[in-house]
Every structure is written in structure tokens, then in C-alpha cells.
Amino acid sequence: MLDSPSSPECQLTHRFISAVCAACLICLTGAGATSEITAEDLIARMIDQSRGLSSYSELSMTVNRPQWQRTSSFNVLTRGREDALIRFTAPAKDAGNATLKVGDTMWTYSPKIRRAVRLPKSMMSQEWAGSDFSYNDLARSDKLLAYYRHDIVDQTEEDGLITYTIESVPNENAPVVWGKERIVFRSDNVLLEQTFFDQAMQPVKAMHAFEIQELGGRMLAKRMRMSDLERPDRWTEVEYETIEFDVAIDDRSFTQFALRGE
Amino acid sequence: MYLVLQLALRNIWRQRRRNGLVLFAIVVSVGGVFVMNSLARGMEQDFLRFSIENLRGHIKILAPNQLDEPGLQYSIPIDTDLSLLARPEIESWTPRLRSPAVIMSERETRGVEIIGIDPTRESHSFIEDLVVEGEAITDTDDQHLLIGRSLADELKTGLGRRLVVLMTGPDDNAIEIGFRVLGIFKSTTSRYEDAYALTGLSSLQAITGVDGFTDVSVYLEDLATTSEVQATLASQIPELNVVTWEQLDPFTSEMYRFIGFTVYILIVVFLGTLVFGLINALVTAVLVRIREFGMLRVVGMKSRLVVMQVVIECVIIMLLALAIGLAAGLLVIWWIGDGIDLTAFAAGVEAFGMGARMAPHLVVDDFVILGVASVILGLIASYFPARRVIKASILQSLRDG
């Protein structure tokens, strides 16, 4: 494992450097100005976490519905935040189904029809693979930085880690349907919770992180659950089986050939 | 002549029961045809109105390729000289910017057409008659969205909420923007409520970066001048696509023609039945009166006058029946009033291109045709039975009668 910005050793150096910089800044600007961390910085940090980072992970996903529950397995190859290739491996019925994301564009592939279909933007709010995640949740782009106003509404400290609660309200003409999003983010760069509110400020769906631990050399939530808050009993949980960072990635890993598994 | 008329009237009165029945039969059928006819005409008007007011207009000027590929890729530049539309046949015209779009709320996604309108010019489309809750579009710079009640319900959204609209821009680029819904409209049919999202023309131009319109709807003073004006405009602006509503909406246009034709079929069927009924009744009537006619001829009445007497009797009954029938029909139409409520079958009749009310519509021409044709047929129907009378010899008539 190479040093990534949040691996423990690196974080120390990183913090040290930040501290020095901050000190310099205070000296330069004279006196009084404390280095307040803003909500925007935190969001940028959250988004930047995976920039320039590649990973390979195997996950299992459990979709829960009032009548049934289903578990499937898939693996994910990522390069930065932009590119990802997701391929199902189990159950047999779904094996081979794949989703490719390059930048803002997504394709899906089904071995049954042997066709890769480019997802129109209009489909991005639909659910992905029958789960409670939408394609948008997977694509999670820079929207948060571009179209929202962020405020830290709460801040607690525990074991030297600060947990920030950020409320993000979209701007007037933002292409965002939510009334606001509430993001709970820990200072060791772990996203603990993200709740989506409708415009009447009622929570609609929420993602929670569980079992935060070191995985592949980074602090990560091993389990993440997206719940439909309006219809209890409907949730989807994704759990990391293995994750590896900074893997060598072939340039053709994020092409439509790769999507078809050729 | 006066004598013949007097005789005819007396004869009608003498055979009160028989003539009354004939009269009644004609009254019922004239009245029935009158009502059916005006309902069919009402339907025809409905088709026409729906087609025209559904953002089409009598004539539409479109950017080239717009028909093949609706959207923002092709537009009429904003500086196009439209002064040629100032013609006496043209009542008004309005430019619009339209694009297929996907509209999303927190919970649902729907496909609609987003339309930038110039509200001051929208005087002939359904937009004029909308019942708006909240804010209507009153200015081309209005930035909010006006959507239909049923779309709002489907999207589970409401006044003051934001919706995200996705469209394909002029350069095939994806445009994604949030709009605030400040107005919700109700219209006569749910198809408008489902299909359209309205906003100001200038503001939509600014958002999409399209410096122009996708189409211009032209409304005429008189429907009959459609193809003539279309031809003139097409030759004056060859770079744009000028089409009539019939070309844009062949289905409705065919339905429109079909109903026009049906009205005549109806009249022909009615007259056919009427004429056979009449001949039947008159032949009987005349045969019964063979002796009477023989007697008239014995006392010196000319055969021509005998025939005329029968014909006049028939025409009098016919005219009387027409008058009563039309009056009865008018009464029924007055009773129907705004139309027959078809709300229970709304979805079905809407799919067919009609409104939820079936309103009668009177066309004077049809009744002139109906009236004139009935009288002519009455003449013919009575002439032949009467001929039979004078063909027989007087002696035979007197003996057989």
C-alpha cells in the first residue's frame, strides 16, 4: 500500500504540515485569525478523498423489502472519483451484469441481451440494480460543491476525532431535487451519515455507515446502509468483503470492452 | 289555384289521423337528425379546436428538421423578419421555444415538453383558458414553472417546490436546471396537464442558449383560408418549414373530414327512410281516395290539378313537419345546453381527440340542405302516387273506388 492522504502515517505528516502552514498563515496575517475550518473545506475534503486513487474491492449487497430479502455479490474497480466498473458475480441470475461509469456518463451491460446501453441522464435518478441506491448515488459528482451552500450545524469531539454535522442546502436554480442534505463527516475523513430531505424538509432517504475500521490501510465504514425513510423495511446494505487501494489499472479497464467483460 | 290549396287543406284536415301520423313520423325523424347532426358538428368542432389550441395553430412555421427531430437543435433565429405575418387573414401569431424534457421531483420522474411562451401573444391556445393556482406566466422573463395539476400530483410536488428539468441543448449538450413551481394549472382535459410545463420565453432562451424559437403558431380569421395563406407564407420564407394543422395532425384532420362526411351520410339515410315511408303512406292514401279523385275529374277538374292537389297536400305536411321537427330539435339542443357530460368516459374520448363534453354545434348550411331536400323529396314522393290516379280512366276509378 502506497501512502494515501488518509493512511495513518500520512495523516500525521499531513496534519503536521497543515499545522505549520496554519501557523505561518497566522503569522503572516498578523494576529487573531484562528484557522476555522469551513463546511466547504470539509465537503471538498470528502470529495477529494478518492481523487487520484485507484481501488479494487469485493462487496456484497443485501436488498431488503417487506416481502423478501436478496443478497448479491459484485466487485468494483475504481480510478479516482471519475471512473468505475461494477460487475456482479452472484447470484448466477445476475452474474455478468455490469455498470460502467466514465466521468459523468454511465453504461449498463446485461449478458442476456449482450448489449451495452448508455444511460440517459433522465435515468440517473432511478434505482440501480433494484437497490435503494440511485445511479446518481453511484455517480456522486461535484454537485455538492457546485450547487450547495454548506453550514456546519453541529460539531462534537470524541477520542480526538471531531464529528461535523453539515447541512447542505441547494442554491435557487440548482439541478437538485432535495430540500437539503445533512452530512455527518468525521475528521478522519469518514462519511458517517448522509440524509436526503425533501423540500418540505422531511427526510426521504438516508445512508448510514457502520463498523468503521481500517480496511486496506484506510479508515472506512465496512457496512453502509441506504434506507428509504418513508417506507420502513426497505433498505439496501453494502458490505466490503475486501478492498485494496492503489492497484495497478490497465487503461482499457474503463472501456466498453471491459464493460462487456471481453 | 286557390281552390286547389283550399281543397288540399280541407283534405288534410279530413284525414286527421292518417296525416297526423305521417306528420308525427316526419317530426320525429327531422328532430332526431337535427340533434344528431348538431352533435356530430359539435364533435367536429371539438376535434378542430383541440387540434388548433393544442399549441398548433392553423398554420405553423417551423425551423427546418424540427418535425423530424423535435428539440433545441434546430431553431428559427430571433432576428428572422416576421413582419410578413401582418396580413389581414392572420388574426394573431405567437413564437414558442419547445423542447422535450425530463422533469424530476424528490420522488418521481416524468417526461414532459417544456415550453417557453410569450404570454401576451398566447390568445388562441389552451394556455389562455387555464385556471391557474399561484402565479401564471405573465412575462417572457418569468423564470418559474407553470405545470398541470395532474403532473404535479404525479410528481408529488406542489407550489413553491423545485423541480429539476433535463433537456438536450442546441449542441447536443445536456442541460440540467432547477425550476421553482410557482403556478399549477387546471385545464379542461388532463392531457394538457400531463404534457406541458410552461415558463417565460426569454428566460428559457437564456437557460438553453437558444437565440430564437422552435416554432411560430399562426391563427387565422377564417379556417377556409388555411391552405392559401400557407402557400403564400411558404413562398415568402422558403428557408423555413410552413405547414398547416392538417399536415401536422393528420389523424385529427382525417377525423374532421370523416365527421363532415358522416353528417351527409346521416342526411341521406334519413331522407331515404323518409321517402320510402312517405311513398308508402301516400300510395295507400291515394288508393283509398280513387273514387274521390274520379268524382273530381267527372265534375271537370283537370288531371294536372288533381295531381297538384295531392302534391300540395304532401308539401304542406312536409313543411309543417319540418317546422315542428326543427323546433323540437332546438328544444332538445337547448335542453342539452353545454353538452352531454362524458366525464365518465373522459379517458376514452380524450384518446379519441374529444373533450369531456359533447356540445352541439349548429351549422345553417346543413339545415338548408335538409329542408330543401325534404321538400323536393316530398314533391317526388307524392307525384308518382298521384300519377297513378289520373292514369286510370275516370269510369274505372268510379267503379273500383
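Select A:D198 and hide its neighbours within four places in sequence: the contacts left are A:W178, A:G179, A:V204 and B:E106. Contact here means C-beta atoms, placed from the backbone, within 7 Å. This is a predicted model, in which local features need pLDDT of at least 70, side-chain atom pairs count only at pLDDT 80 or more, and totals for chains, interfaces and linings use all residues. Residues are numbered from 1 along each chain as its sequence is written, with chains lettered from A and ligands numbered from 1 in the order in which they are written.

**Stop 1: around A:D198**

Stay on A:D198. It sits in the loop between β10 (190–197) and β11 (203–215) of chain A. Helices (H or I, at least four residues) and strands (E, at least two) are DSSP runs, numbered from the N terminus. A:D198 counts as buried because it has 21 C-beta neighbours inside 10 Å. The cut-offs are 20 or more other C-beta atoms within 10 Å for buried, 12 or fewer for exposed, and partly exposed in between.

**Stop 2: chain A and its partner**

Select chain A. It has 5 helices and 13 strands. Of its 262 residues, 27% are buried. Take the contacts between residues at least 6 apart in sequence: 43% join residues at least 24 apart.

Next, show where the chains meet. Here 12 residues of chain A are in contact with 13 residues of chain B. The chain A side has 6 nonpolar, 4 polar and 2 charged residues. Ala, Val, Leu, Ile, Met, Phe, Trp, Tyr, Cys and Pro count as nonpolar; Asp, Glu, Lys and Arg as charged; the others, Gly among them, as polar.

**Stop 3: α1 and α10 of chain B**

Select B:2–14, helix α1, together with α10(B); their axes come within 9 Å and cross at roughly 55°. That makes α1(B) oblique to α10(B). Angles under 35 degrees count as roughly parallel, over 145 as roughly antiparallel, 65 to 115 as roughly perpendicular and the rest as oblique. Axes are lines fitted to C-alpha atoms, for helices over the stretch in contact, and angles run from 0 to 180 degrees between N-to-C directions.

Show side chains. The α1(B) side of the contact includes B:V4, B:L5 and B:I12, and the α10(B) side includes B:L305, B:M308 and B:I317. By class, this contact has 11 nonpolar, 2 polar and 1 charged residues.

Now follow α10(B) along residues 303–336. Its 34 residues should span 50 Å at 1.5 Å a residue, and its end C-alpha atoms are 49 Å apart, which agrees. Just after the helix, B:G337 takes a positive phi of about 65°.

**Stop 4**

Select B:250–288 (α8) and B:364–391 (α12). They pack at an angle of about 25°, axes 9 Å apart. That makes α8(B) roughly parallel to α12(B). Their contact has 18 nonpolar, 3 polar and 2 charged residues.

Stay on α12(B). Its buried residues include B:L370, B:G378, B:P385 and B:V389. Among the elements covering them are α2 (16–53), α8, α9 (290–298) and α10 of chain B.

Finish with α2(B) against α8(B). They pack at about 175°, with axes 9 Å apart. The two helices are therefore roughly antiparallel to each other. Their contact has 20 nonpolar, 8 polar and 3 charged residues.

Note on methods
Contact = placed C-beta atoms within 7 Å. Expected span 1.5 Å × (residues − 1).
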